[in-house]
Amino acid sequence: MATQSPVTAVLDKTQASQPPRLFLATLHEWVTTVDHKKIGLMYIGYALFFLVVAGFEAILMRIQLAIPNNTFVSPQAFNRLFTMHGTTMVFFVGMPILFGFGNYLVPLMIGARDMAFPRLNAFSFWVSAFGGSLLYFSYLGGDGLYGAGSAPDVGWFAYAPLTARVFSPGHSTDYWTLAVLLSGIGNIGTALNIVATTICMRCPGMKLNRMPLLVWLYLVTSMMVFVAVSPLTAAQIMLLLDRYLGSHFFDTQAGGSAVLWMHFFWIFGHPEVYILVLPAFAFANEIIPVFSRKAIFGYPAMVAASVGIGFISLSVWAHHMFTVGMGAGANTFFTLSTMVIAVPTGIKIFNWLATLWGGKIRYTVAMMFSVGFLFQFLIAGLTGIMLSASPFDWQLGNSYFVVAHFHYVLVGAILFMIFAAFYYWYPKMTGHMLDEKLGKWHFWLFLIGFHLTFDFMHIPGILGMPRRIYTYEADRGWMLLNMITSSGAFFQAIATLLFVYNMVWSYFKGPIAGADPWDAWTLEWSTVSPPPAYNFATIPTVESRRPLWDLKHPEDPDTRYE
Amino acid sequence: MQPETGHNETGVIQLPSPTAWPMVLALGLSLILAGMVTHIVIAILGLLLTVAGSVGWFLQVLPHEAHEGSLVHTEEVEVVSSRTLIERLPTDEMHRKILPITTFQISTGIKGGIAGGIAMTVPAGIFSVLRYHSFWYATNLLAAGGFVSWASASNAFLGQFHLQGAIAALIIHGLTSLLVGLLYGAMLPMFPRYPILTAGLVAPLLFTGILYSALGIVSPILNQRIDWFYFVLSQIAFGLVCGWVVNLHEKVRTPQFRALPFAIRAGLHTDLGTPKPEPSVREDESR
Ligand code: HEM
Ligand SMILES: [Cu+2]
């Protein structure tokens with residue numbers, strides 16, 4: 001084994017033990033904090049809470065659909081469940097958890113003390129968090145909790161004219177609009193902060209072409225948030241005008257247009273799915289190289305592909321509208337532009353494979369989730385390409401096939417990478433390692449559950465099962481498939497609870513992590529775990545894309561190769 | 001903005017001081033909106049909090065941003081790597097391989113794509129002239145990818161010259177060739193060997209796959225009118241010419257080359273630092 005002479009360097013080391021503090025003092029500290037790490041953790045905490053809530057809603061839906069003619073929940077409650085599930089997962093789990101990691105990691109990775117605007121950062125977090133609370137407040141009103149309150153029931157896409165006063169009396173749709181509006185304000189604030197931070201706060205030597213790929217991807221994502229969330233916010237305000245002040249933007253009876261809403265929504269909605277997946281790519285870009293013991297293959301191609309995806313994804317939104325009847329010209333355009341996305345995406349997949357190729361792979365739990373991600377993302381992309389052909393989409397649009405497609409990405413790729421990110425960065429965030437053995441249980445249970453649910457979900461879709469139905473007849477041939485799908489959901493739920501348990505247990509009992517448990521190469525691993533308020537006692541200077549490699553291997557630094 | 005960057009002599013670093021005002025402002029705004037769905041009183045409370053939050057926040061940053069010192073503790077730590085190498089075999093400059101060692105540039109693939117795209121038109125044109133006595137037939141058929149109604153137009157119509165058709169065909173064909181070239185160029189570094197084979201096989205496969213899936217599904221009528229024998233012939237023309245063009249280009253070395261001593265890079269004959277034949281043991285860290 002290695003008997004290299006160890007090198008010494010000034011790594012930050014702050015005393016970990018601090019006297020126990022009073023609950024109120026701690027609470028005060030978190031409420032008033034402007035530290036990007038604490039804000040990041042709060043984002044992650046509240047997203048995890050909503051993950052459990054929205055997951056619970058999914059389980060209720062799957063119980064309802066497990067057998068034909070089920071009366072477990074009422075049709076009305078079912079509509080509310082899928083609306084709340086979708087809205088929560090996108091706006092109050094996906095976005096905040098990704099922004100949480102971004103908040104935590106971006107300043108550390110570029111060697112900065114904090115975000116560019118620390119107070120704006122706190123504000124953005126709180127606005128989003130209050131938005132989530134407002135959304136769930138809706139469960140308390142109207143016809144009581146058992147009829148599921150007056151929670152919104154118009155789908156996460158809130159298609160007009162369902163949202164018009166006539167079809168949606170009471171306040172349920174307003175809860176949806178206002179909650180999403182609030183979260184949008186927060187997201188734009190955080191995106192602005194991340195852009196300003198990466199542009200202005202990089203440490204000496206951290207040129208753009210030395211930035212960790214994670215930071216690059218967060219930069220692209222944040223830019224996309226500006227472009228995508230603004231039209232959504234505009235549409236929300238128009239919807240409020242329709243509902244409160246009697247304007248007719250989306251009211252078809254009075255000359256408004258329901259398709260206008262669809263354009264507004266999907267101009268946001270399609271980029272949104274890339275806003276969610278790019279951070280997942282970002283995690284893969286950091287985790288796969290470290291556990292393959294190779295630098296990422298094709299860094300410039302990766303940057304170019306990410307920026308390319310950012311641009312192309314702005315020109316494909318109407319592939320969600322093939323079934324509206326836009327005409328042949330528009331269908332052809334959106335079919336082809338959607339297919340073009342396969343090019344940069346393919347480049348990314350090949351580069352990850354080339355990074356694994358010939359590497360010395362360590363199958364930690366983080367790496368296992370990443371490998372699952374690669375495989376599942378590929379399949380999800382393939383069903384996406386299938387759907388992008390408009391004639392095919394006329395058959396399968398609004399069927400369970402679509403549900404299977406997007407859950408393949410949202411769960412199979414994004415959630416898998418979020419889990420990977422937890423296993424990878426938890427030691428940095430808490431100073432303790434997550435238990436790998438429990439982690440393996442989590443991985444395998446979740447993998448089995450995922451494939452049971454979503455592989456089988458494609459088939460009832462092809463057999464004609466529409467989405468958003470609350471029950472079905474027994475003679476359709478979907479029975480067994482739905483049963484399997486539902487049972488998979490339970491595996492996923494159990495695995496997720498195991499994961500939550502692991503996080504709590506490891507926080508108290510997990511082995512001490514030390515500054516750099518994975519022998520990694522980016523700056524966040526050069527400071528103690530958890531990092532002190534000021535991140536780095538001395539602001540680092542970097543000379544290559546892998547500053548810690550250079551520190552550890554002075555005889556063979558990366559600077560010679562770049 | 002960041003107050004200061006350097007390490008303070010006194011062992012204290014200034015950070016923005018904690019404040020609850022951003023949270024109060026956020027709560028205020030949320031309550032104003034919540035007032036729309038609950039009661040006006042909530043909105044009024046929200047308005048009060050919004051004003052208080054704004055004033056409080058402004059006072060935090062004006063006229064001077066509030067800061068708080070944070071104590072610094074540092075200690076020297078050992079940097080260790082879990083690199084598992086026994087003794088490095090006779091150290092040679094190539095010990096850290098960056099795979100592959102030589103490769104093509106991405107632009108090489110694009111050039112090959114363009115050349116192949118031109119070559120493809122030859123079999124397509126021959127087919128068009130032999131079967132329909134007009135070069136424009138194939139052109140217009142391709143253009144039908146853009147003008148959907150053309151797919152079911154008469155043979156006579158497709159045999160005539162249409163400026164629109166020629167332009168549309170040029171754009172469609174040009175873009176597709178460029179795209180395949182780009183994709184191919186991005187993949188070349190992963191398969192740097194045998195470009196003739198890769199191009200002769202992989203590029204036609206890619207091209208056929210993309211066109212077949214696109215055409216076959218976007219326009220099934222169009223699909224029926226295409227003569228797949230000639231179609232495959234033109235794919236092969238694409239592949240062979242693409243491969244040939246790629247072969248004309250020099251391979252470039254990947255970055256480990258830059259770590260070599262200047263003398264070697266310059267091609268001088270000297271025994272200083274001559275790279276040894278590659279050791280057959282497994283490299284511990286490749287890039
Ligand atoms: C990268 C991450 C992706 C995510 C998160 C994602 C997510 C989604 C979501 C949420 C929907 C359904 C929207 C709804 O109706 O509620 C959807 C539909 C669709 N996706 Fe994806 N998708 C991704 C990638 C792709 C790719 C790569 C393609 C094609 C190349 C694609 C093509 C489509 C198409 C054509 C539809 C419309 C299907 C229909 O509504 O009939 N998607 N996707
Ligand atoms: Cu989309």
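**Exercise 1.** Decide whether A:His320 is buried, partly exposed or exposed.

*Solution.* Start with the relative accessible area of A:His320, which is 28%. Buried means under 20% relative accessible area, exposed over 50%, and partly exposed in between (1.4 Å probe, protein chains only). A:His320 is therefore partly exposed. Now try A:His270: at 6%, this residue is buried.

Before going on, please note that this is a predicted model, where local features need pLDDT of at least 70, side-chain atom pairs count only at pLDDT 80 or more, and totals for chains, interfaces and linings use all residues. Residues are numbered from 1 along each chain as written, chains are lettered from A and ligands numbered from 1 in the order written, and side-chain values use heavy atoms, leaving out hydrogens and water.

**Exercise 2.** Find which residues coordinate the copper ion (ligand 2), and work out which parts of chain A the pair A:His270 and A:His320 ties together.

*Solution.* First, list the donors (N, O and S atoms within 2.8 Å of the metal, or 3.2 Å for Na, K and Ca; water is not among the atoms, so sites may look incomplete). They are A:His270 (ND1), A:His319 (NE2) and A:His320 (NE2), at 1.8 to 2.1 Å. Next, read their sequence spacing: H-x48-H-H. Helices here are DSSP runs (H or I, at least four residues), numbered from the N terminus.

**Exercise 3.** Identify the protein donor to the iron atom of ligand 1.

*Solution.* The single protein donor is A:His405 (NE2), 2.2 Å away. A:His405 belongs to helix 13 (residues 400-430) of chain A. To finish, go from iron to the copper ion (ligand 2): they are 4.3 Å apart.

Key:
Helix = DSSP H or I, 4+ residues; strand = E, 2+ residues; numbered from the N terminus.
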